[in-house]
Amino acid sequence: MTSQPNRQPKPPAAPRAPRRDALRNDAIVIDAARAVFAELGPQASMESIATRAGLGVGTIYRRFPGKDALLDAVARLLTEEIDQAAAAALEDPDPGAGLERFLEFVGAFNAEKRRYASALAARLADDDTVSTRTADRVLRLTRKAVDAGYLARDVTAEDIKALIVAMRGLVAAAPDGEDAPWRRFLRIHLAGLRAD
C-alpha cells in the first residue's frame, strides 16, 4: 500500500472584484436613474433608465435585479453625498458659512429628488454607518457654529435636524422647480437661530 502525499485542501478563491467596465456601468446607470426618477418619479420603467444610460436593459438587470435594488443603490449614494457635504462644511474655517453652505446643499439636494424622496425614505435604516457619521458631523458643526458666536448658545443639533426635516416637507409641498419657498424658509429660520 503506497502512501498518498498529504494534500492540503485548496483555500476558497477570493471573490473577484467587479470588472472596471461593470463599475463604470453601475455609475452610469445610477446617474441615469437619478435623472429619470427626478423627472418621472419612482414609477419610471427600467427601460427608460436603460435608454437614458445608453445601455441595454439586460445590462442593468445583471447588476440591479430590479427597481428596488436600483433605488437602494441610489439611496446609498445620496446618503454618502450628504455625509460628504457635512464633512466639507466642518472643514470650513468659518463655522457659520460652513453650516449655511451645508443647509443650502440639503435644500437643493431635496429639491432635486422631490419626485422620488418618499420612495427613498425607508431605504436605509437610521442606524446605518453613514447616517450615524453624518449625525455626528451635524452635531459637531452645530457646536462649532455656537462656539464661534454664529448661533445662539442654546441652539442644538436637534434644532438643526428639525430645520432640515421642515425644509424637506416644504420642498415636497412646493410646485415643481420652485426653490424660492425653501430658500426663504431657511433664511428666516437661520436668522432666528443666530446669536444676537
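This is a predicted model: local features need pLDDT of at least 70, side-chain atom pairs count only at pLDDT 80 or more; totals for chains, interfaces and linings use all residues.
Residues are numbered from 1 along each chain as its sequence is written. Local features need pLDDT of at least 70, side-chain atom pairs count only at pLDDT 80 or more, totals for chains, interfaces and linings use all residues, and side-chain values use heavy atoms, with hydrogens and water left out.

Let us start with helix H4 (residues 67–91) and helix H7 (residues 129–147), whose axes lie 9 Å apart at an angle of about 25°. H4 is therefore roughly parallel to H7 (angles under 35 degrees count as such). Their crossing is left-handed, meaning that the near helix is turned anticlockwise from the far one by less than a right angle. Among the H4 residues in contact (heavy atoms within 4.5 Å) with H7 are Glu-80, Asp-83 and Ala-86, while H7 contributes residues including Arg-133, Arg-137 and Lys-144. By class, this contact of H4 with H7 holds seven nonpolar, three polar and six charged residues.

Next, look at helix H5 (residues 95–112) and helix H8 (residues 157–173), which pack at an angle of about 30° with axes 9 Å apart. H5 and H8 are therefore roughly parallel to each other, but the crossing of H5 and H8 is right-handed. The contact of H5 with H8 divides into 10 nonpolar residues, two polar and one charged.

Finally, turn to Asn-25, which sits in helix H1 (residues 20–40). Asn-25 counts as buried because its relative accessibility is 14% (the cut-off is under 20%, with a 1.4 Å probe and protein chains only). Apart from neighbours within four places in sequence, Asn-25 touches Leu-55 and Thr-59.

Conventions:
Axes are lines fitted to C-alpha atoms, for helices over the stretch in contact, and angles run from 0 to 180 degrees between N-to-C directions. Helices (H or I, at least four residues) and strands (E, at least two) are DSSP runs, numbered from the N terminus. Angles under 35 degrees count as roughly parallel, over 145 as roughly antiparallel, 65 to 115 as roughly perpendicular and the rest as oblique. Ala, Val, Leu, Ile, Met, Phe, Trp, Tyr, Cys and Pro count as nonpolar, Asp, Glu, Lys and Arg as charged, and the others, Gly among them, as polar. Buried means under 20% relative accessible area, exposed over 50%, partly exposed in between (1.4 Å probe, protein chains only).
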